[in-house]
Every structure is written in structure tokens, then in C-alpha cells.
Amino acid sequence: MKTVASTLAVLFLSTAASLAAEPAKVMDSSAGKIYTDAAGMTLYTFDKDSAGKSACNDDCAKNWPPLMAAADAKDEGEWTLVTRDDGSKMWAYEGKPLYTFAQDKKAGDVTGDGKGGVWHVAKAD
């Protein structure tokens, strides 16, 4: 019985920790403090998105992969979920959908900042 109780306690704590974790992390870069995905790749916002709606699909999403969320993910404060046109979920911060950039080659690259005048590094103030 102790083993079952211990296992359940560990499961509960690991689940609670995963629910409390933000879907992105903060990193110092040449652009200042920015949000990155779990691999340290810079996250960007897109001016053509509207609050809670991604305008980057198809070829756009190949160049600017969305920060995808698990199907069972839940909003976490300023971190919210956006349903994409294909029904999948992606993360947004303060209502702005977040993307990486395919041409960034290593963690901390910010080569997508300012692209087309509509892509911007997601700053962590």
C-alpha cells in the first residue's frame, strides 16, 4: 500500500509541476531578454495575426513553425491557446500567437526579427 501511495504522490507532484511550467523560457540574446521554446530557439510574433487567431498557415507555417501545444494543454495565465485552421493548438503570449523561424540555426539566433516588417522577437520584459 505504501508503494501505491508513494507512486501516486510522485505522479501528482510531477503532474502539478508540468501544469505550472510555462510553455516557453526566457533567454538573454543580442535582442535583449526574449522568449524561446524548450530548445532555446527564439520565438516571434506576426503583425498579421489578430488576438487569439493565427494568420500563418500552409507555406508560412513551414518558414515560421508555430509553437505547438499538446491537445490537452490548458491556458496558464498570460499563456493562452490558439486553435489553428487545421484544428491543432499553438501557444500565444498575451493573445499573440508564437512561432520559431526556420532560418534560425542555433539557440539564441534572432535572424527573423524585422523580417518583412511584420515579424518581431517575442520580448520578455
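How exposed is lysine 33? Lysine 33 is partly exposed, with a relative accessible area of 44%. Keep that residue in mind for one of the close-ups below, and remember that everything here comes from a predicted model.

**View 1. The whole chain, before we zoom in.** The protein chain has two helices and eight strands. Of the 125 residues, 38% are buried. Look at contacts with a separation of 6 or more, and you'll find that 59% of them link residues 24 or more positions apart.

View 2. Setting aside neighbours within four places in sequence, tryptophan 119 is in contact with a whole list of residues, including Tyr44, Phe46, Trp64 and Tyr99. Cys56 and Cys60 are among its contacts too, and so are Gly112, Asp113 and Gly114.

**View 3. Aspartate 49, a buried charge without a salt bridge.** You'll find aspartate 49 in the loop between E3 and helix H2 (59–63). Aspartate 49 is buried, yet it has no salt bridge: the nearest side chain of opposite charge, arginine 84, is 7.0 Å away. What does the side chain of aspartate 49 reach at 2.6 Å? That would be the backbone nitrogen of alanine 55. Not counting residues up to four places away in sequence, aspartate 49 also touches Ser54, Cys56, Pro97 and Tyr99.

**View 4. Salt bridges, one by one.** Side chains of opposite charge can pair when their charged atoms come close. The count here is four salt bridges, and three of them get a close-up.

- Here's lysine 33 again: aspartate 28 forms a salt bridge with it, the closest N and O atoms being 3.0 Å apart. Aspartate 28 is exposed, at a relative accessible area of 56%.
- Aspartate 59 pairs with lysine 62, with the closest N and O atoms 3.4 Å apart. Both lie in helix H2, three residues apart, which is about one turn of the helix, and both are exposed.
- Aspartate 109 forms a salt bridge with lysine 106, at 2.9 Å between the closest N and O atoms. Aspartate 109 counts as buried at 15% relative accessibility, whereas lysine 106 counts as exposed at 55%.

Technical notes. Residues are numbered from 1 along each chain as its sequence is written. This is a predicted model: local features need pLDDT of at least 70, side-chain atom pairs count only at pLDDT 80 or more; totals for chains, interfaces and linings use all residues. Side-chain values use heavy atoms; hydrogens and water are left out. Contact means heavy atoms within 4.5 Å. Helices (H or I, at least four residues) and strands (E, at least two) are DSSP runs, numbered from the N terminus. Buried means under 20% relative accessible area, exposed over 50%, partly exposed in between (1.4 Å probe, protein chains only). Lys and Arg count as positive and Asp and Glu as negative; His and the chain ends are not counted. A polar contact is a pair of N or O atoms within 3.5 Å; within protein, one must be able to donate a hydrogen and the other to accept it, and residues adjacent in sequence count only if both atoms are side-chain atoms.
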